[in-house]
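User: I'm new to reading protein models and would like a close look at one part of this one. Could you pick out a group of aromatic rings and walk me through it, then show me what else is around?

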Amino acid sequence: MFNSKVLTTLNILAPLAMAVLVGLVLFAVPTERVMGDVQRLFYIHVAPAWICFVAFAITAICGIAYLRTNNFRWDKVAVASVEVGLVFTVIATVTGSVWARPAWNTWWTWDPRLTTFTIMALIYVAYLMLRQGLEDPARRARFAAVYGLVGFISVPITFFSIRIWRTIHPAVIGTGSATAQGGFDMTPVMTATLIFAQVAFLLLYFCLLANRLKLGEVAEKVEQRKAALALA
Amino acid sequence: MSEPSSEARIRDGENPQLTHSLQRESAGWQVYFNAVLAILWKDLRAEFRSRELISAMLVFSVLVILIFNFALQLDRVTRENVAAGVLWVTAVFSGTLGLNRSLAAEKDRGSLDGLLMAPIDRSAVYFGKFLGNWLFMMLVQAIILPLFSILYNLPMLQPLVILAVLLGTLGYAGVGTLLASMSVQTRARDVMLPILLLPVAVPVLVAAVQASGGALANQPFSELTIWFSLLLGYDVIFIAVAFMTFDFIVEE
């Protein structure tokens with residue numbers, strides 16, 4: 001999927017983009033009037049949260065591709081994408097929690113948006129557990145593809161179902177809920193930084209994905225060498 | 001031990017009507033429909049003789065309702081507020097029990113292989129098992145709802161609550177049958193089904209609780225339309241996905 005040149009490029013570009021992002025967030029964007037400095041977390045909260053959806057969408061698409069072609073390469077990308085996606089879920093949850101402590105006066109609240117985000121993460125933890133419970137690689141790939149698809153269809157329905165409910169989670173882009181707490185208007189610099197954050201985290205996602213796939217290849221080679229040694 | 005053999009007899013087509021209709025290759029649609037009914041009929045007969053599935057689901061449901069009463073320290077007001085939630089948690093947990101058993105029995109007795117070898121479309125196997133599971137869940141609810149009305153002193157037997165139960169169990173059994181076919185083939189299969197199914201079934205749970213809770217609070221249908229359409233939409237989407245992907249789950 002990724003050759004060594006692409007891997008090297010990503011390995012250079014992604015940390016660079018992240019460093020620039022940190023610089024922008026700390027020095028370039030203006031301080032938000034009401035919330036103060038803690039609002040700077042916003043850029044590294046929204047971007048990874050969106051990348052989760054990208055990651056899990058790629059898993060679903062690779063699952064369909066596997067079911068159509070029976071090519072194990074798709075399965076490897078699908079599982080790598082879930083693992084990287086879960087890392088981004090943790091980043092989004094932790095940064096959100098740290099922001100919520102001063103903004104909502106609590107680390108965690110049973111807000112529908114928070115709850116459904118966690119449920120989505122649990123779907124993909126279940127995805128990994130399902131894979132561990134299956135030994136036959138072909139069956140593992142098939143089941144994982146089907147579950148990745150079912151899980152990904154359930155995510156938007158869950159989000160839609162909670163949209164009907166009131167939520168206190170602010171929606172900065174698009175129409176916010178009337179009961180949302182902690183929303184704000186963005187200046188052009190803030191918008192530009194947010195867009196840059198999306199790009200930077202997308203690069204980071206592809207960088208981690210490529211490295212995870214490379215790791216899988218190396219692990220496979222080690223297994224083959226071990227098997228060869230055991231035979232000899 | 002008479003039960004597997006009776007199942008086998010039905011499967012092997014001792015029912016003359018069934019054999020006859022399965023042999024008519026021309027009417028493809030009817031063959032499919034008959035195959036679905038044959039699998040459903042097999043499950044119903046096996047259940048009628050052993051009564052292991054429904055009785056287990058029923059006793060478990062009653063237990064959950066009673067435990068909730070202690071766990072939540074229910075007084076009259078809270079009882080009315082949490083009734084819909086308790087009802088659906090009960091339905092979901094007992095449903096998981098039934099789904100697991102229904103597919104595990106097929107796997108253990110080797111009868112799943114028999115079903116798959118039958119010259120029918122494999123999705124017919126899915127629909128047969130799914131309709132059976134749905135029917136069992138509804139039968140349990142048919143007993144639980146009146147009991148719930150008495151214990152919680154609430155009018156559960158009203159059209160909107162029943163509609164919510166029908167649609168909610170439909171979607172739950174639909175996606176549950178697909179995931180149970182998966183989980184029985186994994187190593188830690190008894191714990192696998194709830195882990196796979198519950199997070200995916202959350203929209204059903206949310207919509208069903210809201211719909212039946214609203215109905216219990218005497219809200220008009222017009223205010224609950226959104227929840228019922230959500231239930232219906234979920235049912236259609238997930239049964240369609242299960243129909244398309246079931247082949248990959250039972251493939252060897």
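Analyst: Let's start with a cluster in chain B: ring pairs link B:Tyr126, B:Phe127, B:Phe130, B:Phe243 and B:Phe246. Rings of Phe, Tyr and Trp (its six-membered ring) count as a pair if their centres lie within 6.5 Å; planes under 30 degrees apart are stacked, over 60 are edge-to-face, and the rest are tilted. Before going on, some ground rules: this is a predicted model, in which local features need pLDDT of at least 70 and side-chain atom pairs count only at pLDDT 80 or more, while totals for chains, interfaces and linings use all residues. Residues are numbered from 1 along each chain as its sequence is written, chains are lettered from A and ligands numbered from 1 in the order in which they are written, and side-chain values use heavy atoms, with hydrogens and water left out.

Across all chains, a search of the whole structure turns up 18 aromatic pairs. Take one from chain A to begin with: A:Tyr124 and A:Tyr127 have ring centres 6.3 Å apart and planes at 45°, so this pair is tilted. These two tyrosines sit 3 residues apart in helix 4 of chain A, so about one helical turn separates them. (Helices are DSSP runs of H or I with at least four residues, strands are runs of E with at least two, and both are numbered from the N terminus.) A:Tyr124 is buried, with a relative accessible area of 1%, and A:Tyr127 is buried with 1% as well. Here buried means under 20% relative accessible area, exposed means over 50%, and partly exposed is in between, using a 1.4 Å probe and protein chains only.

B:Phe127 belongs to helix 7 (residues 122–152) of chain B and B:Phe243 to helix 11 (residues 221–250) of chain B, so the pair ties together parts that are 116 residues apart in sequence. Is B:Phe127 buried or exposed? B:Phe127 is buried, at 18% relative accessible area, whereas B:Phe243 is partly exposed, at 39%.

Let's zoom out to chain B. Its secondary structure comes to 11 helices and 0 strands. Of its 252 residues, 52% are buried. Among contacts in chain B with a separation of 6 or more, 80% are between residues 24 or more positions apart; a contact means heavy atoms within 4.5 Å. There is also a charge sitting over a ring here: B:Arg51 lies over the face of B:Phe48, at 5.3 Å from the ring centre. For that label, NZ of Lys or CZ of Arg has to be within 6 Å of the ring centre and within 35 degrees of the ring normal.

Charges meet each other too. Over all chains, the search finds 12 salt bridges, each being a side-chain nitrogen of Lys or Arg within 4 Å of a carboxyl oxygen of Asp or Glu. One of them joins the side chains of A:Arg142 and B:Glu251 (3.6 Å, N to O). This pair crosses between chains, from A:Arg142 in helix 5 of chain A to B:Glu251 in the segment after helix 11 of chain B. A:Arg142 counts as buried at 6% relative accessibility, while B:Glu251 counts as partly exposed at 28%.

Helix 5 of chain A, residues 137–164, also holds A:Val146. A:Val146 is buried, at 0% relative accessibility. Leaving aside neighbours within four places in sequence, A:Val146 is in contact with A:Leu67, B:Leu178, B:Met182, B:Thr245, B:Phe248 and B:Ile249.

Within chain B, B:Arg189 forms a salt bridge with B:Asp108, and the closest N and O atoms are 3.0 Å apart. That pair links distant parts of the chain, with B:Arg189 in helix 9 (residues 189–200) and B:Asp108 in helix 5 (residues 76–108), 81 residues apart. Salt bridges that share partners also join B:Lys42, B:Asp43, B:Glu106 and B:Lys129 into one network. B:Lys42 is buried at 3% relative accessible area, and B:Asp43 is buried at 9%.
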